[in-house]
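This report describes a structure chain by chain and then turns to the contacts between chains. The sequence and the structure are shown first.

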Amino acid sequence: MDKIKVLIVDDEVEFATAVAERLEIRNFFAEVVDCGRDALLSLESSVPDIVLLDLKMPDMSGLEVLKKIKEMHPEVEVIMLTGHGSAASGLSGKELGAFDYMMKPVDFGELVETIKLAYKKQQRATTAD
Amino acid sequence: MFFFDFFQGADRQGGYMSFRIALFLSMVAISLVPGYVINGLTYGEYKKLLKSDERDQLLWSAQGGKKSLEVCVEECKSVVRFISMDYTFEELLDQDVASELFARIRAEYEGIVDLGVIDSDGIQRTYAGPYRLRGYDYSEQDWYHKILARRMYVSNVFMGYRKVPHFVIAVTNKLPDKEEYWVLRVTIDVKKLEDAISGIAVKEVRDIFLVDEDGVLQTASTLHGKVLGQYPNFSLPGSKKDGVITVLEESKGGHEMLQATIAVEDTPWFLVLVKEGYVHGKEWETFLRRLRILFVISFVVVLVVVYQLVNSLTDRLMDAEQKRQAILTEVEHSSKLASVGRLAAGVAHEINNPLAVINQKAGLMSDLLELSDDFGQKEKFQKSIDGIQGGVERCKKITHRLLGFARRMDVSLEQIDINDLLREVLGFLEKEALYSRIDIDLSLDEALPAIVSDRGQLQQIFLNILNNGIDAIGHDGAMLLETRQSGPEMIEVLIKDNGPGMTPDVMRHVFDPFFTTKNAGEGTGLGLSITYGLVKKLGGTIEIDSEVDVGTVFTVSLPLEQTHEAGEENG
Amino acid sequence: MENVLRDSHLACVGKLLAGFTHELKNHLAIINESSGLMADMLEMGKGGEEETCRKFQKITSTIAERVVQANVLARHLNGFAHRMDVPDSVFDINELLDEELALILRFAKLKGVSISSRFQGGLPSVDSNPALLQFILFALIDSIISRLECAGEINVITLESGGNVQVRIEVAGATPEDGGRIFHKDLAELIRFAVKKINISFDGPVDKGRVRFTLNIPSAGGPGAPC
């Protein structure tokens, strides 16, 4: 099985790198970008399986980035991470096609589980095609 | 605009007072001034009318008086004229004839004092009367010269030789064959005139008398003394035959006096009538009295009506202003709460960020530790990492709670699951209960319907009651929270504790403001009275049942739906 | 009664918030202690492999930083909450503004509005209602942030003026029309009502062609302790 490729988009770099490192320890392939624009740029060069997307970023809102990602690569599953944790924005993320939303600070075990679930869903979708 | 200014400045109590006074005064003025002006005008007009009426009446009286005087004088004149025509000079020179004639006239006409015949040299040739005046020389006397100029003459009143006031009527007759005149002279007592005057009936006349053109009294005056005294206020009526009215500013009592003066024709006299001013008229008095009563009554009525009106108006204004203030206060309060909520939520989110970092870093350390070989302090490291992660977990719980708490700040009515709310409230108190070793058990009816109410206020209600319970128990005790549906539209929350309980006396006062069983300085004593107010405000009731050494049960009943009135009611 | 109720409601909210922040700080302290302990052990070379050791050292310093960051926020919220408890008191306006701005900064950042402050040192303490003042300032700044159409800059200035302490909130580059929009009718009524209640003279939204709100707060007398 290939490593699951995860793109972490978060302006809080410390958080993102820590998560990335921990994911790598758990045999994921993780990449970190710190803003929406870079995320979209990185998507052009390589398509990840899963995107962990922070809702609140300085340059563009997480929901915008989510829309763009879904336009470019509908098969990519996006998990919203949010400190700005009103259920409403998480829900609107889900409406826009996000796989799930999680409130910061997230429990890492839960995060890994969610990524795995998202990946499974994606695999099912691609094999069904 | 002055009302507007007042209204603007009226949010202070003082403003209302001056507004009230100004409004009151201006309204009194507005309602009284026109009435009083009309009243004054009417008063003036009426006074004028009365005045002219009175003048006319006085003039009529004067004219009437003049007529009857003229009649009286004419009578005397005609007697004299008759004698002079009936008898010749020669006949009258006979003293016996004269005496007999005098006696006859006297019997007929009262007041005739004597009778004399004077020849052309002014010597009284015959005299009939009480004095011895035959042969008296009148040629030097004033009236004698005057009589020669006229055929008929009426003299002023004078004392003459007899020291009795009298006047003379004389008639001049030509001797038949010569260019000489003889004079028949009759002296008449002033009493005759006075009788005539007193026969003039004039209403409310103070004084009536005759004066000559020099103002010498010809008959006695009640105010100015005897005959031949000087009447000070006399003025010639001029050419006016109908008489004139003059107003005398009599100093006596300050009254105005009216005086009518009229010439008595063919005599040297003027009839004077003096009457006190109209103010003394009865009609006038009644009018004035009525006016005064009307004035006072209207004043009182206006005062009362305006007072009521102003009061209700300002009360209404104050009410409106107070309502506005109350609404503003309410808005201020709720937006204050909302801002607190937003800030708290912001902070909760903001704290979540570093917590996330800390969490992941700790996790990473844990991962790395797992991968690394055993070393001496590995366990200690793991323990520290666990400590960090535990701390983050608890912080997360708090920020979560903070978020929930904040979100509720600006909502007032919402669907509330009372069971959840009670659990939340207990979350706030866990620590305190733990420290005091108080077990709090729950017996919640999970089928309890949600109610529509104010979350913040409900929280405060239960916090207050629970706090009160914890305080009452002190330490080592138990509390039980129970919920149940008590009716189709009501739910009940029972809060039981096994604290010391209360005496019936304490129980009666427990909801009074500032009542407290705590020591001074420990509590404001407002807690339960506020709770009581809050429950009432939410349309519910609160009951208390307590027994000393057994415990206390608070029963809070809440409606499922807020009725409008309950929401409006103030605690 | 209604007022007592409101005040006690606010006080209750304040107490709850203070409780929250207090607890937060406790837990942050535990985190800090644990992380500090590790840092000490690493210092003493008890960290096992060298590479792990280095990483650990980096991590613990990051954690310490973040704890400080969280602590500052908790402290500000705590101060804010405590102010809601006391009706009238003598306090340092700079301190209150510092705290409030720190709390508001987040909203401003989201909208791309920057906030700069210039506080005069050694200002006399003011005697006022901190909760209400806090609210007035928040309401004003919040309205500026949410109604400013483009990115802007808010300058908050304090200075002493004629025995009073003056707080000026200026919006750089805003037009008088912006001022009217910021200080809309409802807010104006509310603010005017609030300032009257605590005897503060207020001026705004436009002053000499610039959008500026000025509050004159009576000072308590003696010079306040510098913060």
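Which residues does A:Phe99 touch, not counting residues up to four places away in sequence? They are A:Glu77, A:Val78, A:Ile79, A:Ala118 and A:Lys121, a contact being two residues whose C-beta atoms, placed from the backbone, lie within 7 Å.

The structure is a predicted model, in which local features need pLDDT of at least 70 and side-chain atom pairs count only at pLDDT 80 or more, while totals for chains, interfaces and linings use all residues. Residues are numbered from 1 along each chain as its sequence is written, and chains are lettered from A and ligands numbered from 1 in the order in which they are written.

**Chain A**

Chain A holds 5 helices and 5 strands; helices (H or I, at least four residues) and strands (E, at least two) are DSSP runs, numbered from the N terminus. Their order from the N terminus is β-α-β-α-β-α-β-α-β-α. Of the 129 residues in chain A, 48% are buried, a residue being buried if 20 or more other C-beta atoms lie within 10 Å of its own, exposed if 12 or fewer, and partly exposed in between, with C-beta atoms placed from the backbone. Among the contacts of chain A with a separation of 6 or more, 59% join residues 24 or more positions apart.

A:Phe99 lies in the loop between helix H4 (87-95) and E5 of chain A. A:Phe99 counts as buried because 20 other C-beta atoms lie within 10 Å. Its C-alpha atom is 9.5 Å from that of A:Ile50, a residue 49 residues apart along the chain.

E5(A) pairs with strand E4 (residues 77-82) of chain A in the parallel sense, over 4 bridges; two strands pair if DSSP finds at least two bridges between them. Within this pairing, A:Leu81 stands opposite A:Met102.

A:Ile79 touches A:Phe99, and also A:Ile50, A:Leu52, A:Ala98, A:Asp100, A:Met102, A:Thr114, A:Ile115 and A:Ala118, again not counting residues up to four places away in sequence.

**Nonpolar cores**

A nonpolar core is a set of buried Ala, Val, Leu, Ile, Met, Phe, Trp, Tyr and Cys residues joined through C-beta atoms within 7 Å. The largest one has 124 residues, of which A:Val6, A:Ile8, A:Val78, A:Ile79 and B:Ala344 touch the most other members. Helix H7 (residues 282-371) of chain B gives the most to this core, with 16 residues. Domain 1 (2-85) and domain 2 (89-223) of chain C each supply at least three residues to this core, the domain bounds coming from an automatic or database domain assignment. A second, separate core of 58 residues includes B:Val80, B:Phe102, B:Leu184 and B:Ile188.

**Chain B and confidence**

Chain B has 13 helices and 16 strands, and 35% of its 571 residues count as buried. The table lists confidence as pLDDT, the predictor's confidence in each residue, from 0 to 100.

| Chain | Mean pLDDT | Residues at 70 or more |
|---|---|---|
| Chain B | 79 | 88% |
| Chain C | 80 | 92% |

In chain B, the mean is lowest in helix H13 (residues 564-568), at 38, and highest in strand E14 (residues 490-497), at 91. The pLDDT is below 50 over residues 1-11 of chain B, a stretch with 11 contacts beyond near neighbours in sequence. Among the elements of chain C, H1(C) has the lowest mean pLDDT (77) and strand E4 (residues 153-161) the highest (89). Where pLDDT is low, the predicted coordinates should not be read in detail. For the model, ipTM is 0.75 and pTM is 0.50.

**Interfaces**

The contact between chain A and chain B takes 15 residues from chain A and 16 residues from chain B. Helix H1 (residues 13-25) of chain A gives the most to the chain A side, with 7 residues.

The contact between chain C and chain B takes 54 residues from chain C and 51 residues from chain B. Helix H1 (2-43) is one of the elements of chain C that give two or more residues to its side, and H1(C) gives the most, with 24 residues. By class, this side has 34 nonpolar, 10 polar and 10 charged residues; Ala, Val, Leu, Ile, Met, Phe, Trp, Tyr, Cys and Pro count as nonpolar, Asp, Glu, Lys and Arg as charged, and the others, Gly among them, as polar.
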